[in-house]
Amino acid sequence: MSYQIQKLEPENYDKCNNIWDMSQSPETVKKWYDELVSGNRVIFVYIEDGAYLGEGALVFDTRDTDYTIADKRVYLSRVLTKPECQNRGIGGKIVDALVDYATDLGYKEITVGVDIANVGARWLYEKKGFTTIVFIGEDAGGKYVKLLKTL
């Protein structure tokens, strides 16, 4: 199948509802949209035959130096694939596109946070070179780890 990965323009943000149910998280939807418009967040989408099947984002300032340091470290906010399209390599292609974009912008490091229970996501990130553990912690969502990849 033919696909493309492209940078999402704010006017197309609602098309991501095909990937995840945006109505379930209105506060998050607004926060991420505002970050997209302000330029603090960039979203790349995986499109196949016109359908949005996956997305991933970079955030430039999280106000947490484990995740972001101006002009040095950028945060991979998340990678998400439409449930029925998982295990097709889409997430890996999105991660590659985000890493390439961060490298092109001159960043030296990229970080990601992943729930320890999310074995599949952690496996993907480690496979893609996120192998340095920056922090292990726990929040309302459970135990998680912050991973870093040198670019």
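## Thr-65 and the model

Thr-65 is found in the loop between β3 and β4; helices (H or I, at least four residues) and strands (E, at least two) are DSSP runs, numbered from the N terminus. Thr-65 is exposed, at a relative accessible area of 56%. Here buried means under 20% relative accessible area, exposed over 50%, and partly exposed in between, with a 1.4 Å probe and protein chains only. Ten residues separate Thr-65 from Tyr-75 in sequence, and their C-alpha atoms are 9.9 Å apart in space.

The model is predicted: local features need pLDDT of at least 70, side-chain atom pairs count only at pLDDT 80 or more, and totals for chains, interfaces and linings use all residues. Residues are numbered from 1 along each chain as its sequence is written, and side-chain values use heavy atoms, with hydrogens and water left out.

## Aromatic pairs

Eight aromatic pairs are present in the structure. Rings of Phe, Tyr and Trp (its six-membered ring) pair if their centres lie within 6.5 Å; planes under 30 degrees apart count as stacked, over 60 as edge-to-face and the rest as tilted. One of the pairs is formed by Tyr-3 and Tyr-46, which counts as stacked because the ring centres are 4.8 Å apart and the planes meet at 15°. Tyr-3 belongs to strand β1 (residues 3-7) and Tyr-46 to strand β2 (residues 41-48), so this pair ties together parts that are 43 residues apart in sequence. Tyr-3 is partly exposed, with 38% relative accessible area, whereas Tyr-46 is buried at 3%.

Tyr-13 and Tyr-33 also form an aromatic pair, this one tilted, with 5.7 Å from centre to centre and 45° between the planes. Tyr-13 sits in the loop between β1 and α1 (26-38), and Tyr-33 sits in helix α1, so the pair ties together parts that are 20 residues apart in sequence. Tyr-13 is buried, with 4% relative accessibility, while Tyr-33 is partly exposed at 34%. Back in strand β2, Tyr-46 has a further spatial relation: its C-alpha atom is separated by 8.8 Å from that of Gly-91, 45 residues apart along the chain.

## Charges over rings

A charge sits over a ring if NZ of Lys or CZ of Arg is within 6 Å of the ring centre and within 35 degrees of the ring normal. Arg-78 lies over the face of Trp-20, 4.5 Å from the ring centre. Lys-146 has its charged end over the ring of Phe-135, at 4.8 Å from the centre.

## Cysteines

How many disulfides does a search of the whole structure find? The search finds zero, a disulfide being a pair of cysteine sulfur atoms within 2.5 Å. A disulfide is a covalent bond between the sulfur atoms of two cysteines. For the sulfur of Cys-16, the closest cysteine sulfur is in Cys-85, at 14 Å, which is too far for a bond. Both residues are away from the surface by the accessibility criterion: Cys-16 is buried at 0%, and Cys-85 is buried at 8%.

## The largest pocket

The largest pocket holds about 1100 Å³ of space. On a 1 Å grid over the protein atoms alone, a pocket is an open set of points where a 1.4 Å probe fits, with protein on both sides within 12 Å along at least five of seven lines; lining residues have an atom within 4 Å of a point. Grid points are joined across faces, edges and corners, and the volume is the space filled by probe spheres set on the points.

The lining of this pocket has 39 residues, and Arg-78, Val-79, Leu-80, Ala-121 and Tyr-125 lie nearest its centre. Two or more lining residues come from each of α1, β4 (73-81), α2 (90-104), β5 (109-115) and α3 (119-127). By class, the lining has 14 nonpolar, twelve polar and 13 charged residues. Ala, Val, Leu, Ile, Met, Phe, Trp, Tyr, Cys and Pro count as nonpolar, Asp, Glu, Lys and Arg as charged, and the others, Gly among them, as polar.

## Positive phi in loops

Asp-49 is not a glycine, yet its phi is positive, at about 50°. Asp-49 lies in the loop between β2 and β3 (51-59) and is exposed, at 64% relative accessibility. Asn-87, also a residue other than glycine, has a positive phi near 65°. Asn-87 is placed in the loop between β4 and α2 and is exposed, at 82% relative accessibility.
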